Amino acid sequence: MYLSGIDPQTFHVTLANFNRSRTAVAIPCDEWEADESASLKMRLLEGRFLEEMRSSVCSLVDGVTTNPDEFVGWFESLIEWGPGQNHPLFDWLADHASAEEMKWFLTQEAAGEAGFDDLVAYTQVKLPTQAKLECARNYWDEMGRGKTKAMHGPLLEAMVQELQLTPSIETTEWESLALANTMLGLATSRRYTYQSLGALGAIELTAPRRAAKVSRAMQRLKFPRRSRRYFDLHAAIDVFHSRAWIQEIVRPLVSSHPESARFIAEGALMRLSCGQLCYDKYSQHMKLRLPAISRKKSVVAEPVYA
């Protein structure tokens with residue numbers, strides 16, 4: 001692999017810190033040329049990483065249909081057979097995890113959160129009108145429809161504060177950082193616009209099931225109700241977001257640009273594969289005795305980051 005010899009934890013911590021810096025609000029400075037040169041080096045490494053990710057899913061993308069109706073059916077079917085779907089980790093969390101184990105899981109998830117609202121904002125630039133409008137509607141929901149207390153990002157932050165979690169890049173498993181690094185890399189690189197749309201659509205499609213089980217675990221452990229509002233919300237609203245994303249973005253783009261089907265599929269599978277890596281790592285960390293997970297269509301036989 002292109003990063004042979006580089007520890008994946010080191011790479012993804014470095015890339016995550018770079019991403020934090022490059023997306024932060026800043027001011028002009030005398031060192032801007034040196035900063036741009038350093039930024040280029042990291043973006044090249046990021047690009048090589050994303051290309052490796054694309055290669056890892058190519059076997060599942062070959063032969064994907066460009067017929068809009070058939071592609072929508074294929075995309076929707078990811079919820080059943082896509083990498084990481086029906087992972088037993090979430091039933092275990094819902095029914096058996098201790099409060100300490102649940103807080104560790106939530107800390108990993110919070111630290112690896114890339115910020116769906118910002119990802120949508122980056123991705124919608126110069127999209128066709130119909131797709132752009134759906135991104136706008138989705139973004140408006142992320143913004144709580146103008147109400148601070150309903151904004152999705154702050155809801156996650158409220159959970160962190162309520163449960164006194166301390167997420168940080170340096171203490172987060174590299175698999176979780178890789179997920180966030182992948183999402184931001186796709187969203188901020190215009191050459192991966194279709195992949196980003198596919199990855200964001202895959203989140204909307206698959207999040208409700210996981211969110212419902214995480215919420216169930218938090219209820220069982222008697223975590224404060226307000227601490228699970230983020231998951232309660234996504235268990236419900238993402239069902240509608242998914243339908244709209246597919247009908248207003250995926251179908252029209254494939255209809256007007258059939259070649260985009262492959263790239264949308266790549267993005268969806270890249271996101272789901274990153275998720276599977278996380279769930280496997282979380283299960284390993286918590287020493288779960290899980291039943292064998294079917295990998296008939298899994299694409300992550302080995303990490304592509306090392």
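Me: Which residues are buried in α6?

Reply: This is a predicted model. In α6, the buried residues are Phe 116, Asp 117, Leu 119, Val 120 and Thr 123.

Me: Where do they sit around the helix?

Reply: They line one face of α6, because they fall within an arc of 165 degrees when you look down the helix axis.

Me: OK, pockets now. What is the volume of the largest pocket?

Reply: The largest pocket has about 880 Å³.

Me: How many residues line the largest pocket, and which lie nearest its centre?

Reply: The lining has 31 residues. Nearest the centre are Ala 110, Ala 111, Glu 113, Ala 114 and Gly 115.

Me: Which elements give two or more residues to that lining?

Reply: They are α1 (8–22), α5 (99–111), α6 (116–123), α8 (152–162), α9 (174–188) and α11 (229–256). The largest share comes from α8, with six residues.

Me: How many of the lining residues are nonpolar, polar and charged?

Reply: For the largest pocket, 17 are nonpolar, eight are polar and six are charged.

Me: What about the second largest pocket? How much space is in there?

Reply: The second largest pocket holds about 320 Å³.

Me: Which residues line the second largest pocket?

Reply: Among them are Phe 18, Ser 21, Arg 22, Asp 35, Glu 36 and Arg 43. Two elements give two or more residues to this lining, α1 and α2 (32–61). The most comes from α2, with five residues. By class, the second largest pocket is lined by six nonpolar, two polar and four charged residues.

Me: Which residues are closest to the centre of the largest cavity?

Reply: Glu 109, Glu 113, Arg 210, Tyr 230 and Arg 271 are closest, out of 28 lining residues. Glu 113 was also listed nearest the centre of the largest pocket.

Me: Which elements give two or more residues to the lining of the largest cavity?

Reply: They are α5, α6, α9, α10, α11 and α12 (260–285). The largest share, six residues, is from α10.

Me: Next, the nonpolar core. Which residues touch the most other members of the largest one?

Reply: Phe 71, Met 102, Phe 105 and Leu 106 do. That core has 79 residues.

Me: What is Phe 71 in contact with, leaving aside its neighbours within four places in sequence?

Reply: Its contacts are Val 64, Thr 65, Val 250, Val 254, Ala 261, Ile 264 and Ala 265.

Me: Last topic, the backbone. What phi does Gln 164 have?

Reply: Gln 164 has a positive phi of about 55 degrees, although it is not a glycine. Gln 164 lies in the loop between α8 and α9.

Me: Is Gln 164 buried or exposed?

Reply: Exposed. Gln 164 has a relative accessible area of 69%.

Me: And Lys 287, where is that?

Reply: Lys 287 is in the segment after α12. Lys 287 has a positive phi of about 55 degrees and is not a glycine. Lys 287 counts as exposed, at 73% relative accessibility.

Methods: Residues are numbered from 1 along each chain as its sequence is written. This is a predicted model: local features need pLDDT of at least 70, side-chain atom pairs count only at pLDDT 80 or more; totals for chains, interfaces and linings use all residues. Side-chain values use heavy atoms; hydrogens and water are left out. On a 1 Å grid over the protein atoms alone, a cavity is a set of points where a 1.4 Å probe fits but cannot get out, and a pocket is an open set with protein on both sides within 12 Å along at least five of seven lines; lining residues have an atom within 4 Å of a point. Grid points are joined across faces, edges and corners, and a volume is the space filled by probe spheres set on the points. Helices (H or I, at least four residues) and strands (E, at least two) are DSSP runs, numbered from the N terminus. Ala, Val, Leu, Ile, Met, Phe, Trp, Tyr, Cys and Pro count as nonpolar, Asp, Glu, Lys and Arg as charged, and the others, Gly among them, as polar. A nonpolar core is a set of buried Ala, Val, Leu, Ile, Met, Phe, Trp, Tyr and Cys residues joined through side-chain atoms within 4.5 Å. Buried means under 20% relative accessible area, exposed over 50%, partly exposed in between (1.4 Å probe, protein chains only). Contact means heavy atoms within 4.5 Å. The arc is that of the directions from the helix axis to the C-beta atoms.
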